[in-house]
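Subject: Structure handover

Hi,

Here is the structure I promised to pass on.

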Protein chains: 4
Amino acid sequence: MKAGGAAKCLTLRVTEPVEPEHHAVAAVESRTITLEGHLLDSGLINRALDLIVEGGGSFQVLNFNLGEQRQSTSAAEIKVSAPSHDVMEKIMAQLIDVGAVTLPQEVCDNPLELVIKDGVAPDDFYVTTIYPTEVRVNCEWVRVQNQRMDGAIVVSTTAGEPVAACKLLRDLKVGDRVVVGVEGIRTVRKAEARDQRGTQEFGFMGAGVSSERRVELVVEQIAWELRKIRDQGGKVAVVAGPVVIHTGGGDHLSHLIREGYVQALLGGNAIAVHDIEQALMGTSLGMDMKRGVSVRGGHRHHLKAINTVRRCGSIRDAVEQGVLTSGIFYECVRHTVPFSLAGSIRDDGPLPDTRMDLLAAQAEYAHLIEGADLILMLSSMLHSIGVGNMTPAGVKLVCVDINPAVVTKLSDRGSVESVGVVTDVGLFLSLLVQQLSRLTSRYHAEASAMAR
Amino acid sequence: MKAGGAAKCLTLRVTEPVEPEHHAVAAVESRTITLEGHLLDSGLINRALDLIVEGGGSFQVLNFNLGEQRQSTSAAEIKVSAPSHDVMEKIMAQLIDVGAVTLPQEVCDNPLELVIKDGVAPDDFYVTTIYPTEVRVNCEWVRVQNQRMDGAIVVSTTAGEPVAACKLLRDLKVGDRVVVGVEGIRTVRKAEARDQRGTQEFGFMGAGVSSERRVELVVEQIAWELRKIRDQGGKVAVVAGPVVIHTGGGDHLSHLIREGYVQALLGGNAIAVHDIEQALMGTSLGMDMKRGVSVRGGHRHHLKAINTVRRCGSIRDAVEQGVLTSGIFYECVRHTVPFSLAGSIRDDGPLPDTRMDLLAAQAEYAHLIEGADLILMLSSMLHSIGVGNMTPAGVKLVCVDINPAVVTKLSDRGSVESVGVVTDVGLFLSLLVQQLSRLTSRYHAEASAMAR
Amino acid sequence: MKAGGAAKCLTLRVTEPVEPEHHAVAAVESRTITLEGHLLDSGLINRALDLIVEGGGSFQVLNFNLGEQRQSTSAAEIKVSAPSHDVMEKIMAQLIDVGAVTLPQEVCDNPLELVIKDGVAPDDFYVTTIYPTEVRVNCEWVRVQNQRMDGAIVVSTTAGEPVAACKLLRDLKVGDRVVVGVEGIRTVRKAEARDQRGTQEFGFMGAGVSSERRVELVVEQIAWELRKIRDQGGKVAVVAGPVVIHTGGGDHLSHLIREGYVQALLGGNAIAVHDIEQALMGTSLGMDMKRGVSVRGGHRHHLKAINTVRRCGSIRDAVEQGVLTSGIFYECVRHTVPFSLAGSIRDDGPLPDTRMDLLAAQAEYAHLIEGADLILMLSSMLHSIGVGNMTPAGVKLVCVDINPAVVTKLSDRGSVESVGVVTDVGLFLSLLVQQLSRLTSRYHAEASAMAR
Amino acid sequence: MKAGGAAKCLTLRVTEPVEPEHHAVAAVESRTITLEGHLLDSGLINRALDLIVEGGGSFQVLNFNLGEQRQSTSAAEIKVSAPSHDVMEKIMAQLIDVGAVTLPQEVCDNPLELVIKDGVAPDDFYVTTIYPTEVRVNCEWVRVQNQRMDGAIVVSTTAGEPVAACKLLRDLKVGDRVVVGVEGIRTVRKAEARDQRGTQEFGFMGAGVSSERRVELVVEQIAWELRKIRDQGGKVAVVAGPVVIHTGGGDHLSHLIREGYVQALLGGNAIAVHDIEQALMGTSLGMDMKRGVSVRGGHRHHLKAINTVRRCGSIRDAVEQGVLTSGIFYECVRHTVPFSLAGSIRDDGPLPDTRMDLLAAQAEYAHLIEGADLILMLSSMLHSIGVGNMTPAGVKLVCVDINPAVVTKLSDRGSVESVGVVTDVGLFLSLLVQQLSRLTSRYHAEASAMAR
């Protein structure tokens, strides 16, 4: 084993594989699983062995190929034994969640059960995670579509081809065939993606959440990322709360939209109300945004803003009628950036655009983040958690909030791609716009230098 | 002027009332207002004078009766002059909000305007506050019904009698007559209620939000208050978030419901899911609540709990079918304490009982807090703000959260009746149940002593 | 009474001054006090009346001159009666603290008592506040020197003139004559200063502490203030913690020192250690400040930095020997800005400059803030509280921290001149430097425009 | 490899050990290290391999014995190569910190350098960690005494025997022989201690810091631990801040001292002042602790308390003179529990017992925590960090604070024995006393049952 050089795997040979003798009951069932990935680095192998023993089973390591370089992956083959089928099933379910793979030859079809009541899954349904998942159908691995957490997997046939897809409980219909048990399921942890990334843009940011580090550096990295995504025609979704407006970030977010850095905007009633209040009356929650002082009678402004938009019909109507002429949502309309406003129990009004039917709101949200490369979560815990629930692994998340607890909650999803920034969101956006401008002028300077 | 003794009011006589000379434009309009209340104590009079001058008007103090004792109220009569009708209107609107009263003889009917589009108020509609409000109709003061903030006032006639009521913008119908302008409006600041209360139960608690004070004392006071309300057949509404369950407060809140201290429960999907998860599987978000350890595979428990209730049909059905046999919501069903679960964008599932239509949810919430004497807000910012928006002045609010910022936000509504407690909600409930038990045993001891 | 016009005071004449009848015990003592200031606005008068009644006394309002404009001050003459000398003393002590003045003719000399043990005050010594204070000596009001809170007042004679000065308990010497009781003491609330300020620079900032407002505006105001103080040859003291370095604020603070915006720097061991660590090794607590990544073995850097300075002899020595060539403390040495490092129980090393004798440290701190116009407190609760204790009213305080609780604690001293900013201190300093640069270029532009 | 059964180690045999070819420069130096411990579980091996490669070296795994059970330890022998001696040294220093061991036969004596200036270490001195450390002297491993972090190791000879001990920089004397380089150093990670502990008392608590878990369970575990330590004649040190008094925890902490659960108390001036203020006047920072209300004039109480103790001479004197008759410090004096009060820049007074000379304070602190089994840190970040710096690995730490950031900071020392509790400290102590009482009655019940 050495650093660098051709990839010759080291093999751990089991000198004395012995049947477990310490269980009174005989192992009535055994199965062989494969573990692949950064087994040592991530502690994955030990977690798997723990799961087996704590779950009531025993194990033998049949084979262990140690990756030759620290970036390369290792692989282990482990024989799991259990005293009963039930115990085995439970252990397997957990092993799959940590990324273990049962050997494919064992199962040709994952067990399926029929839905017998709309919106209710079979008892033993497999609960999905954020990780890419595959199920065995007709002796082949089929990738699950619409991956998201806390769903069920429905298997159907389209044009003779097997299709597997995530479905929310409430969307299940009588007759749907739902995956139960764990015989033929595997989740894929994208180690590749991580390696590729290497020490690049998002590399250092995994350093955890702290209010005691240099935000300027993090912002610089995020600016690079945004620029790269825009240049490649990628997709950035922004989730934002009203604090963006209160802290003076409205102009900066408007700028980002105008400059093409935002492809979808998600929020609630409040951010739209205060953005429009600022556009129409110059205040946010009754505070004058130019002078920073409370305006007499200003607490009524947000309701006047709502009433004005209601009279127009919608935010788009207000823009088209020339009533709304600036602000975040004005820019969205002008630059055809789609937005979705999810209602909440605390909403006044609401604006005509606010979806008070949350099933519709969740559907709209899910649609807007489809295919996003990066999601920027700006001081809105509620909507950000909502978005997080729908987002599969692999999408970069940037969470900005002045409360460290919120940032921790949002960015802690066991996913390497999430970055937490504890800071004032107004200053964050101000700085982000500055950094993007610098990138642009540098870019232009280089471009014209090359042209000469 | 003296402390104690018969109430002989001191009169401030204006030695030289002069017309304002410092405005270039002549005062085209003037109106006389009355201020009553703890004018000195609350700084009310100065705030009113500020409003007038900053709004572009001028004033003369015509009469000033200083309350003789510090508890008694003072009264001032002030003549307001303004250079235009518009300026006068704006000043008056603000004076009304701080509790000033225009002299009734001036206006016989408050101006009204017709709604010409459903859900849209006339431009200049009066935005309601949490304070009891009265409007002039047929030369009489009519109390506004369903008082809440951020509504409009609709005046109608029922059985020949004038009726005024708060309506949300979205509930306005074409033809509704809505109060505009501020000619004949007054808000009542219940100084009486405050005096009555004096230095009693809620007296000390207004001392502001701090994590550095003795929670045990605050809890003792709240226990007294809960006990008194129960004894008098009053109403307590509880707003609670899932942290109640995570921190081990579930049993304690169940106890309060069983003992009759709770008349309504408001929350979201999460508290019900985790309460039921704990009842069915012994975990909350997959944490074993007895041992405090994370259970392998426990992150799936909440979804299994949701699926189980969905199969039953509803929470009530789950109780009646013997599936759900303990917990907060079990107790609610058993003791016919009504509850309402408002959906949010982050909800998984949801439970069949969770209202994903927020207009319905807001209506249900408003119905449940009607007539409440005290509202206990337990670690749920979102739902608590929702409830706060609907709650008129005069209802006692107790807000418990471990985050001082949340407590400040919730308890800062310019209302003397709100108390903030910065602490762990699990320990808070544990202590509250203990204190209530002590009150009860003391009560029994006294009762049997008297019986002898 | 009118807004504007010549200042004709309105007089409240007491129609029926009656002796209090509601006290069983006769009033054995009475004294007349004067209240001046924004009596109505500040609720001062009611607070005073409350104090009297709650303290067990009674009162008569003899005279009440209401200020004619909202900016002008009112004056009240109140006769206080008490059933015993002790009660009267206690009431008076409290009245003095809120700013009441006993009529000077009553007392010609404030009672004094001798110190009979070093470092111990007489039992009944008057505890000083942050407000300017005067005591009666030889029938005259003598202003107390070295005003600070929690001290005693020592009266002595210098060149035949009476001198009164604040002394800490520990500095009292046998034979010192210490003010006891409250007969002839008055505190001055600088209403003037406040009026002058009016709606100027620091006007809006009193709006309380919140993480939900526009920091950019606050910073702009602070920049103006700093610029004005520098132009007028004033004094700014900065209190700073190590978070300034961790968040990348070191360069910005260095810039402020270089540009002459800082006249004294106060901190602890940690900020100096990490500033020097960054200057010598490019890391702060082992984090690379250019790349934002943790450096292998970097946790040892701070100790190496300490050892290096210890070898040189002191920070100044390290600069003069060419070892330390950049950073905050380098700039202090180069621009002869004095600094003081107060030790704490948590300090490693420490640096040779760190005062581990806290009596010496407190003396040095007190010396450095003498005459400061503004104190900028940057993310260092401990040292900022220390400074706050020594700072008399009238000095502007700006407190910056990302934790709202810290900001509230620091800026809540009942003083209008204190401003709290909840934000990331690194971004705050970055923005402050930007704003100051803009002011400068604007200034230059204007200057050259005028020159033409 | 199997779970359970006799310990037959699996051996990973290196099939193709090859010299690294990817470094242009030849490896001029190579050394073989041993890694032992939960290599897989803790990711230790990968961290070590990372260190080598990132540091510029390369490696070969010579031998890898995989622990047979998940509790048992693994061992790896790794050959490290580096292009220069300097690179090798740097890599080795880091490997030692993660617990790697260079093979003993290589080095017979660790290099030493003489101190040539008091208080200054040689340039390349080895900086100590909290982990038990051994150095090679005369071809033997010698355990370092007074282990603490951020010190230097001084080797001397006592009675012919080699002695190695930690010394702070400031305590170094000319002529001291200080360990430099890393040739013969190893740190011991007490895996044994951890295994032993298994799933016992402190097992679950490592679950991280959160305000959303059940504090009651944590308190129960801590109560068990305290009880066990007392029964075994162990030592508990308490570090406490004034918030303990403000939140009503004073009585509870007094109870713990009386009952023998506390063997040393560490704090600052403030906790003693407020404890004594409460004992003498019933207030804490002027708040009445019985009624929870602010007492008029109460802000002076703490200074009166200080003055009173100064007159007596010391806290002990105040107790012996009958002046101080209750409270935490009264109990300490009565039950001869030693205490130490470290001064800080913010201290008023101070009390005669407060050490304003911090070198003396640090020495006293270090002395008091010597041999402690558990340290309870109660709402005092400053003093707790101070204590943490002096505490070697292996001592259990319990950190209680209502601010999650403080708890994280204190309990995050890479040590399995530290537990963070986010809650109100007053309620925490109240509950702890209750739990201890329950343990006692249960114990008595069992004891009398056995006696029968």
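Below is what was found in it, topic by topic.

This is a predicted model: local features need pLDDT of at least 70, side-chain atom pairs count only at pLDDT 80 or more, and totals for chains, interfaces and linings use all residues. Residues are numbered from 1 along each chain as its sequence is written, while chains are lettered from A and ligands numbered from 1 in the order in which they are written.

**Chains C and D**

How many residues of chain C are in contact with chain D? There are 41 residues of chain C in contact with 41 residues of chain D. Contact means that the C-beta atoms of two residues, placed from the backbone, lie within 7 Å. On chain C, α1 (44–54), α2 (85–98), α8 (301–312), α11 (358–369) and α12 (381–390) each supply at least two residues of the side that touches chain D. Helices (H or I, at least four residues) and strands (E, at least two) are DSSP runs, numbered from the N terminus. That side of chain C divides into 17 nonpolar, 12 polar and 12 charged residues. For these classes, Ala, Val, Leu, Ile, Met, Phe, Trp, Tyr, Cys and Pro count as nonpolar, Asp, Glu, Lys and Arg as charged, and the others, Gly among them, as polar.

Chain C superposes on chain D by a rotation of 180° with 0.0 Å of shift along its axis (RMSD 0.0 Å). The two copies are thus related as by a two-fold rotation axis. Which residue of chain C comes closest to the rotation axis? It is C:Asp357, at 2.3 Å (C-alpha). Of the interface residues of chain C, 100% are also interface residues in chain D, so the copies meet through the same surface.

**Strand β20 of chain C**

Strand β20 (residues 396–401) of chain C has 6 of its 6 residues buried, so it is largely enclosed by the rest of the structure. A residue is buried if 20 or more other C-beta atoms lie within 10 Å of its own, exposed if 12 or fewer, and partly exposed in between; the C-beta atoms are placed from the backbone. C:Lys396, C:Val398 and C:Val400 point one way from β20(C). C:Leu397, C:Cys399 and C:Asp401 point the other way.

β20(C) pairs with β19 (residues 374–378) of chain C in the parallel sense, over 5 bridges. Pairing requires that DSSP finds at least two bridges between two strands. Opposite C:Val398 in β20(C) stands C:Leu376. From β19(C) the chain crosses through α12(C) to β20(C), in a right-handed β-α-β crossover. Right-handed means that, with the strands pointing away from the viewer, the path from the first strand over the helix to the second runs clockwise. β20(C) also runs parallel to β21 (residues 418–422) of chain C, joined by 5 bridges. There, C:Val400 has C:Val421 in β21(C) as its bridge partner.

Helix α12 of chain C also holds C:Gly388. C:Gly388 is buried, with 23 other C-beta atoms within 10 Å. C:Gly388 and C:Ile375 are 13 residues apart in sequence and 9.3 Å apart in space, C-alpha to C-alpha.

**The sheet in chain A**

Chain A has an open sheet of 7 strands with parallel pairing, in the order β18-β17-β14-β13-β19-β20-β21. Its edge strands, each pairing on one side only, are β18 (354–355) and β21 (418–422). Strands β13 (residues 236–240) and β14 (residues 264–268) of chain A run parallel, joined by 3 bridges. A:Ala237 stands opposite A:Ala264 in β14(A).

**Backbone points to check**

- A cis peptide bond joins C:Gly349 and C:Pro350, with omega about -10°. C:Pro350 sits in the loop between β17 (339–342) and β18 (354–355) of chain C.
- D:Gly349 and D:Pro350 are also joined by a cis peptide bond, with omega about -10°.
- B:Asn138 is not a glycine, yet has a positive phi of about 50°. B:Asn138 counts as exposed, with 10 C-beta neighbours inside 10 Å.
- D:Ala159 is not a glycine either, and has a positive phi of about 50°. D:Ala159 lies in the loop between β9 (152–158) and β10 (161–167) of chain D.

Best wishes

Methods: Copies are superposed by least squares on the C-alpha atoms of residues with pLDDT of at least 70 in both.
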